[in-house]
Amino acid sequence: GSGPSYTASGRVQGWILNQFFLSEHDGFLRVATMTGTRGNNDAASHVFVLREGAKEHFSAGGNDEKRDFMRQVGSVRDIAVGEDLYAARFQGDVGYLVTFRETDPLWTIDLSDPEDPRVLGELMVPGYSTYIHPIDGEKIIAVGRGDRSEAGVKLSLFDVSNLNRPRVVEEQIIGDDSTVSEAIVEHRAFNWMPEHRLLALPIRTPRASGLNVYEVSHSRGFIYKGRISHNEMSDSAWVTVRRSLTVDDAIWSHSSAGISVTDASTLQTLVAIDLPDVELVR
């Protein structure tokens, strides 16, 4: 078949952090950006909306070259002036931003009118989040850190059924400043299993390492179910599980020691495959 073809370019103010800062929906490109300098009072967040079919021609270079340009049709600017933008996510007509300076505001943004996006709600909580994952249409899970001193891995469950008044269902801090999770910086390490309502993500502390599994309750938040460890597949006392995925009713997890297959309901190991010195992580 034919490959991708160029349609048009667009330009917005600021910079983006990752792929979740961009979203296409119903022919509109939504872009979350930050301007200014991290940690400075000039930092600010913005959301821009560009329309795919609304093109303008502009000149580029010294030869008066003509190119198609996506026109900006809407924006909401200067959100959280003086705070750094840590995370963004779009879901249909809604956008979510997380900014941070001393506390962690979650912002809800109405994008139902692309020409007039509006901030609807703001929720102030301690710490900050770096990855946002919508579930069930009215809840979102976020992962991050407990506070600026990097204390603990923070899991947050937010109820966003009322976008004007988002609320916390539960926030859980795992460990202390020596606790780490790759899911904070790499969304592929975050595994949400909607058919089982389970969340799995790698957690490493000075005392334990593995894939922590939590049941996510609408009313109670994160219920710890157990840990999938790969330590028995290695001579090392600490094996870091990097990735997991769900196939039917089994959780497949990968580390430098090998691959294990675990029953999602009982967390009993079904198969352990030793693959020493093989790295398969993306």
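I began with Thr262, which is buried at a relative accessible area of 1%; buried is under 20%, exposed over 50% and partly exposed in between, for a 1.4 Å probe and protein chains only. The model is predicted: local features need pLDDT of at least 70, side-chain atom pairs count only at pLDDT 80 or more, and totals for chains, interfaces and linings use all residues. Residues are numbered from 1 along each chain as its sequence is written, and side-chain values use heavy atoms, with hydrogens and water left out.

**Thr262.** I located Thr262 in strand β19, residues 258-263. Strands (E, at least two residues) are DSSP runs, numbered from the N terminus. I then listed the contacts of Thr262, leaving aside neighbours within four places in sequence: Ile228, Asp249, Ala250, Ile251, Leu267, Gln268, Thr269 and Leu270. Contact means heavy atoms within 4.5 Å.

**Gly226.** I found Gly226 in strand β16, residues 221-228. Gly226 is buried, with a relative accessible area of 10%. Not counting residues up to four places away in sequence, Gly226 touches Leu211, Asn212, Val213 and Leu267. I also looked up its separation from Leu245: 19 residues in sequence and 16 Å in space, C-alpha to C-alpha.

**Nonpolar patch.** I noted a nonpolar surface patch of about 500 Å², made by Leu245, Val247, Trp252, Leu270, Val271 and Ile273. Patches are made of residues with over 30% relative accessible area and no salt bridge; like charges are joined within 9 Å, and nonpolar side chains (Val, Leu, Ile, Met, Phe, Trp, Tyr) within 5 Å. A salt bridge is a side-chain nitrogen of Lys or Arg within 4 Å of a carboxyl oxygen of Asp or Glu. Areas come from the Shrake-Rupley method with a 1.4 Å probe, and for residues only the protein chains shown count as cover. β17 (241-247) and β20 (269-274) each supply at least two residues of the patch, and β20 gives the most, with 3 residues. I checked Ile273 of β20; Ile273 counts as partly exposed at 34% relative accessibility.

**Val168.** I placed Val168 in strand β12, residues 167-174. Val168 is partly exposed, at 29% relative accessibility. Its contacts, not counting residues up to four places away in sequence, are Leu123, Val125, Leu157 and Phe158. Val168 and Leu267 are 99 residues apart in sequence and 28 Å apart in space, C-alpha to C-alpha.

I ended with β1 (residues 22-25) and β2 (residues 28-35), which pair in the antiparallel sense over 4 bridges. Two strands pair if DSSP finds at least two bridges between them. His25 has Phe28 in β2 as its bridge partner. The hairpin has 2 residues between the strands, and Asp26 takes a positive phi near 55 degrees.
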